[in-house]
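The points are grouped by topic.

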Amino acid sequence: MKNIDDLIESAADLAERGLSKGEIADELNVSKETASWLVSRSGVTASDSPQETDGTSPHDIHVDWSAIGRDSARLTYVGKAVAHLLKKQGEDVDLTIGIEKAGAPIATTIARELDTDLGTYAPSKHQWDDSDSEDLAGSFSRNFAQIRDRDCYVVDDTITSGTTMTETVEAVREHGGNPVACAVLTDKRGVEEIEGVPVYSLVQVLRVGQTD
C-alpha cells in the first residue's frame, strides 16, 4: 500500500466483507482506533459499528510486510531470524504460541526451527461480538498443542498498542503456562517487556516527532 487512500480503500473492502474493527486492524497492522478512522473515512460501516471519530487523523504507523507474507521462502527466512532472537531465551521451552491470524505462520516457522510444539491463540478482538465488553475473552485452539504448565514463546507480527500481546501473556499464565519471551517482526512501541516478559523484535519503530 503506497498511500493513505490505499489504506482507506482496503479498510472499506474489509468492512464490506464483514470483518470487525479488531480484524481490520490486524489485517492492516494498525490500531483499532486507526481502523475505525479509516473505515469512517470510506463511508462504510464495519460489522461492529466503529466508534465515531472527530475527523482528526490518528497518530499511527502502518506496517506492510506483505512482501514477506506472500512468499513462503521469505517468510521462512524471516521466521528463522526471529527464531535466532529467541533461541537463547530459556532452556526448557517446548511450545511456541502464535497469535492469530498473522502471528501463526511466523510461529510455525519458529517452532520448526527451534523444535517446539505449536499452539495458537485467538485474541478477544476477533470475537463475533466485537464490543468493548470486558466479558469477551480469547481462546487457545484445540487443534494445536495445549499449554499444560509448559514454558513457551509468544509470537505475533506487530506490536501496536501492546494490548493483544498483554492479553495473550495473561491467558498463558491463566492456563498454567510460563511465557519466557515474546517476539514480533515489528514493534511500534519500542517496549522492552510486557507483563515482565522480555520482548524481541527484528524492527523497532521510534517516533522522534509527530505533526498535529
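Helix α2, residues 21-28, is largely enclosed by the rest of the structure, because 6 of its 8 residues are buried. The model is predicted, and its chain holds 7 helices and 7 strands. Of the 212 residues in the chain, 45% are buried.

**Helix α2 and its surroundings**

- After α2 comes N29, which has a positive phi, near 55°.

**Overall organisation**

- Read from the N terminus, the order of elements is α-α-α-α-α-β-α-β-β-β-α-β-β-β.
- Among the contacts in the chain with a separation of 6 or more, 63% join residues 24 or more positions apart.

**Packing of α5 against α6**

- Two packed helices are described by the angle between their axes and the distance between the axes.
- For α5 (residues 72-86) and α6 (residues 103-114), the angle is about 60° and the axes lie 8 Å apart.
- The arrangement of α5 relative to α6 is therefore oblique, since an angle must reach 65 degrees to count as roughly perpendicular and must be under 35 degrees to count as roughly parallel.
- The crossing of α5 and α6 is right-handed.
- On the α5 side, the contact is formed by L75, T76, G79, K80, V82, A83 and L86; on the α6 side, P105, I106, T109, I110, E113 and L114 take part.
- By residue class, this contact between α5 and α6 comprises 8 nonpolar, 3 polar and 2 charged residues.
- An α-helix has 3.6 residues a turn, so residues three or four places apart point the same way.

- T120 lies in strand β2, which spans residues 117-122.
- With a relative accessibility of 4%, T120 counts as buried, because the cut-off for that class is under 20%.
- The side chain of T120 makes a polar contact of 2.9 Å with the side chain of E100.
- Beyond its neighbours within four places in sequence, T120 touches I97, G98, E100, A104, S139, F140, S141 and F144.

**The cis peptide bond at E100-K101**

- E100, the partner of T120 in the polar contact, is joined to K101 by a cis peptide bond, with omega near 5°.
- K101 is placed in the loop that runs between β1 (95-99) and α6.

**Positive phi in loops**

- D115 has a positive phi near 55°, and it is a residue other than glycine.
- D115 sits in the loop between α6 and β2, and its relative accessible area of 68% makes it exposed, because exposure requires over 50%.
- R148, likewise a residue other than glycine, has a positive phi near 45°.
- R148 belongs to the loop between β3 (139-140) and β4 (151-159), and at 59% relative accessibility it counts as exposed.

Key. Residues are numbered from 1 along each chain as its sequence is written. This is a predicted model: local features need pLDDT of at least 70, side-chain atom pairs count only at pLDDT 80 or more; totals for chains, interfaces and linings use all residues. Side-chain values use heavy atoms; hydrogens and water are left out. Axes are lines fitted to C-alpha atoms, for helices over the stretch in contact, and angles run from 0 to 180 degrees between N-to-C directions. Helices (H or I, at least four residues) and strands (E, at least two) are DSSP runs, numbered from the N terminus. Angles under 35 degrees count as roughly parallel, over 145 as roughly antiparallel, 65 to 115 as roughly perpendicular and the rest as oblique. A crossing is left-handed if the near helix is turned anticlockwise from the far one by less than a right angle, and right-handed if clockwise. Contact means heavy atoms within 4.5 Å. Ala, Val, Leu, Ile, Met, Phe, Trp, Tyr, Cys and Pro count as nonpolar, Asp, Glu, Lys and Arg as charged, and the others, Gly among them, as polar. Buried means under 20% relative accessible area, exposed over 50%, partly exposed in between (1.4 Å probe, protein chains only). A polar contact is a pair of N or O atoms within 3.5 Å; within protein, one must be able to donate a hydrogen and the other to accept it, and residues adjacent in sequence count only if both atoms are side-chain atoms.
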